[in-house]
Amino acid sequence: MFNPDLTNVLEKYESRYSLVAATAKRAREIAAEAKEDGIILAEKPVSLALDEIIAGAINIVEPDVTK
């Protein structure tokens, strides 16, 4: 099972929700691209998306929220 340490990742963002939403959105994009290209993925799209976010390849834009 894939259980990365997210403490370093969460330091960059204000909420876990932003991280989860961005991961889910990118995972859907990866799955759609693989389906279009006829590629069979060796890893789950969520794992690939989270790897991209941890590597810094994806920029998560958080909304301005008043606290």
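Which residues of α2 are buried? I started with that question and took the rest of the model from there.

**Entry 1: ground rules**

I am working with a predicted model, in which local features need pLDDT of at least 70 and side-chain atom pairs count only at pLDDT 80 or more, while totals for chains, interfaces and linings use all residues. Residues are numbered from 1 along each chain as its sequence is written, and side-chain values use heavy atoms, with hydrogens and water left out.

I checked confidence next. pLDDT is the predictor's confidence in each residue, from 0 to 100. The protein averages 85, and 90% of the residues score at least 70. Confidence is lowest in α1, with a mean of 76, and highest in α2, at 93.

**Entry 2: overall layout**

I found 3 helices and 0 strands. Along the sequence the pattern reads α-α-α. Helices (H or I, at least four residues) and strands (E, at least two) are DSSP runs, numbered from the N terminus.

Buried means under 20% relative accessible area, exposed means over 50%, and partly exposed lies in between (1.4 Å probe, protein chains only).

The protein exposes about 5,300 Å², and carbon and sulfur atoms supply 55% of that area. Accessible areas come from the Shrake-Rupley method with a 1.4 Å probe; for residues, only the protein chains shown count as cover.

I also looked at contacts, meaning heavy atoms within 4.5 Å. Of the contacts with a separation of 6 or more, 56% are between residues 24 or more positions apart.

**Entry 3: helix α2**

I checked the length of α2 first. It has 22 residues, 16-37, and at 1.5 Å a residue it should span 32 Å; its end C-alpha atoms are 31 Å apart, which agrees. The expected span is 1.5 Å times one less than the number of residues.

Back to my opening question. The buried residues of α2 are S18, L19, A22, T23, R26, A27, I30 and A34. Seen down the helix axis, these buried residues fall within an arc of 155°, so they line one face of α2. The arc is that of the directions from the helix axis to the C-beta atoms.

On the other side of α2, I noted Y17, V20, K25, R28, K35 and E36 as exposed. What covers the buried residues? The cover includes α1 (7-10) and α3 (45-55).

R26 sits in helix α2. Is R26 buried or exposed? R26 is buried, at a relative accessible area of 15%. Leaving out residues up to four places away in sequence, R26 touches E33, A49, E52 and I58.

How many salt bridges does the structure hold? I found 3. A salt bridge is a side-chain nitrogen of Lys or Arg within 4 Å of a carboxyl oxygen of Asp or Glu.

I took E29 with R26 first. Their side chains meet in a salt bridge at 3.2 Å, N to O. Both lie in α2, 3 residues apart, about one turn of the helix. An α-helix has 3.6 residues a turn, so residues three or four places apart point the same way. E29 is partly exposed, with a relative accessible area of 35%.

Then I checked E33. Its side chain meets that of R26 in a salt bridge of 3.7 Å, N to O. E33 is partly exposed, at 40% relative accessible area.

Last came E52. The side chains of E52 and R26 form a salt bridge of 2.7 Å, N to O. This pair links distant parts of the chain, with E52 in helix α3 and R26 in helix α2, 26 residues apart. At 22% relative accessibility, E52 counts as partly exposed. Through shared partners, salt bridges join R26, E29, E33 and E52 into one network.

**Entry 4: K12**

I ended in the loop between α1 and α2, where K12 lies. K12 is exposed, with a relative accessible area of 58%. I also looked up a spacing: the C-alpha atoms of K12 and I60 are separated by 9.5 Å, with the two residues 48 apart along the chain.
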